[in-house]
Structure formats: C-alpha cells, structure tokens
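Keep the sequence and the model open side by side.

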Amino acid sequence: LAAFHEVPATAAGGRVLRRDELAAVDLGRPAAMHNAATLLRPLPFDRPGEVLDAVEGFFDGGGRGEAYLWSAWPTPDLRPRGWVLEGHPPMLLRPPGGGPVPPVPPGLRVERVTGAGALRDWERVAVDGFPYRELQPYRPGTLLGEGVLADGRLRLWVGYEGDRPVCCGSLFVEAGVACFSLGVTLPEARRRGYWAAMAGVRLVDAPGLPSVGVFSDLSRPSAEAIGFLPVTRFTLWHRPRPATS
C-alpha cells in the first residue's frame, strides 16, 4: 500500500517521505486518496504524538487537498487533532487458484491501458464512478499523470460498452502480492457483472501470486464470491486541508 501510493506522487513530482514507522506522499494538490500516509508500525496509544506530528507536519508543508492516514492496526481517537474517521475498510486475500475466474460478459470490451487516451478514460471512470468528491468536476490529469505508465508494477484496465468507458480496474504488483488497488463501475452500468469481470482480468494477469485488496463493505460480498477471504480491517482517517479554487 505504501509503495503503491508512491507511484502517482513520483510521476507527478510530488513529495515522498519514508521513515521506519511510516511512509507518506503528497502531490501538493487535491488528489483523492493519493495524498496519503501509511503506518508501517502500530501507532502507540500512550505516545502517538511524535508520529502524528511527523505526518501532520509533512502534509502541512504547503500542499492542498485532503490527506489520508492508513493503519493496519487500531489507532487512538485522532479527532481532537482534526482528523475525520473515514471508516474501517476490510482487507481480503485470495490465494492462488482460489476459485473460478469470472468471465467478461457479452457487451463489455476490456482493454489494458497503454497510452494517454486510455489513461484518461480510466481516470474519468475512477473520478466520476467512485466518486472522488474533491476532484469534481473531472479534469484530465487530476488523479494520475502519464508518468505512471512507465512503472510496470501498476497495471490498469478500462471496460467499454461500445466506445463508452464504464468501468476500470487497477493492479499493483509488489512484495510478492498482487494488490487490487481500485475497481470502479459507473452507477448507470452497475449490476451487469462488470465489477467481477474486471476482477477476473486482474486475477489472470498475476495467476501465481496471492491477491490482496482493501475493499469497501459494499464490494466485500462480491470479492468473497470469487474466493477472497477476510483477514483484518484497516483504520482510515482523513484530514481536510485548504481547497483549491
């Protein structure tokens, strides 16, 4: 998760911080969950101040847009410090060969993103379909810069109905796992098997690796239906910063 967040930041010339206890990236502008710190160790309940000071000091260094804090462990209540609890999204794991791979349904064409045009299709579906509130209305390049295409660890797909992009998926391969980093379907194209189809495309792309993902509770049943198993819950916070005009 920490390495995944570094990819869009590095591609956009953003700032990256690595310490023993955390990793953080800041694009300096609204970028949805890509302005993020990931704890690499549990946050001490009796003395969290030093780590939180480092996180907040990093994000208060002149950038804008909401900042996120991911923890694989429970955290103290961070609300007195201005953080807002986003929730406790579940992390699931699917071992290699964990079940049948969902097919691509008729009427959907799935393509791997290899150029700028397809990247913008992917980005538009992600921004409008998730949706990312601070990136509305959609503008090209607000979520991912073209530099991400040079990093072979990040793999992106777009699903089309005719020529219209309606769903997208991404996979980040690092540390011996294939991480489902994002899967989105536009509201008007849901309940057609597209989420499962995009999951199947990603499973086929890394068949010998365990697949992991931090899902929402809404997508968790769909993930479990194709062989994912619950492991733990993350704690996710966000902290508002001044909005751009």
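W122 touches V113, L143, L144, L156, W157, V158, C168, G169, S170 and L182, leaving aside residues up to four places away in sequence. Contact here means heavy atoms within 4.5 Å.

The model is predicted: local features need pLDDT of at least 70, side-chain atom pairs count only at pLDDT 80 or more, and totals for chains, interfaces and linings use all residues. Residues are numbered from 1 along each chain as its sequence is written, and side-chain values use heavy atoms, without hydrogens and water.

**The cores**

The largest nonpolar core has 28 residues; W122, Y132 and L143 touch the most other members. Such a core is a set of buried Ala, Val, Leu, Ile, Met, Phe, Trp, Tyr and Cys residues joined through side-chain atoms within 4.5 Å. Buried means under 20% relative accessible area, exposed over 50%, and partly exposed in between, with a 1.4 Å probe and protein chains only. The elements giving two or more residues to this core are α1, α3 (116-129), β8 (154-161), β9 (164-174) and β10 (177-185). Helices (H or I, at least four residues) and strands (E, at least two) are DSSP runs, numbered from the N terminus. The largest share, six residues, comes from α3. Apart from this core lies another, of 22 residues, among them V166, Y194, W195 and A199.

Seven of the eight residues of β8 are buried, so the strand is largely enclosed by the rest of the structure. Two strands pair if DSSP finds at least two bridges between them.

| Strand pair | Sense | Bridges | A bridge pair |
|---|---|---|---|
| β7 (109-112) and β8 | antiparallel | four | R112 and W157 |
| β8 and β9 | antiparallel | eight | V158 and C168 |

The hairpin of β8 and β9 has two residues between the strands, and G162 takes a positive phi near 65° there.

**The six-stranded sheet**

Six strands form an open, mixed sheet in the order β1-β2-β3-β4-β13-β5. Its edge strands, β1 (15-18) and β5 (84-87), each pair on one side only. Strands β2 (22-26) and β3 (36-39) pair in the antiparallel sense over four bridges. L22 stands opposite L39 in β3.

Two helices meet these strands. Helix α1 (2-11) lies across β1, β2, β3 and β4 (67-71), at about 155° to β1. Helix α2 (49-59) packs on the sheet, touching β1, β2, β3, β4 and β13 (235-239), and its direction makes about 15° with that of β2. Axes are lines fitted to C-alpha atoms, for helices over the stretch in contact; angles run from 0 to 180 degrees between N-to-C directions.
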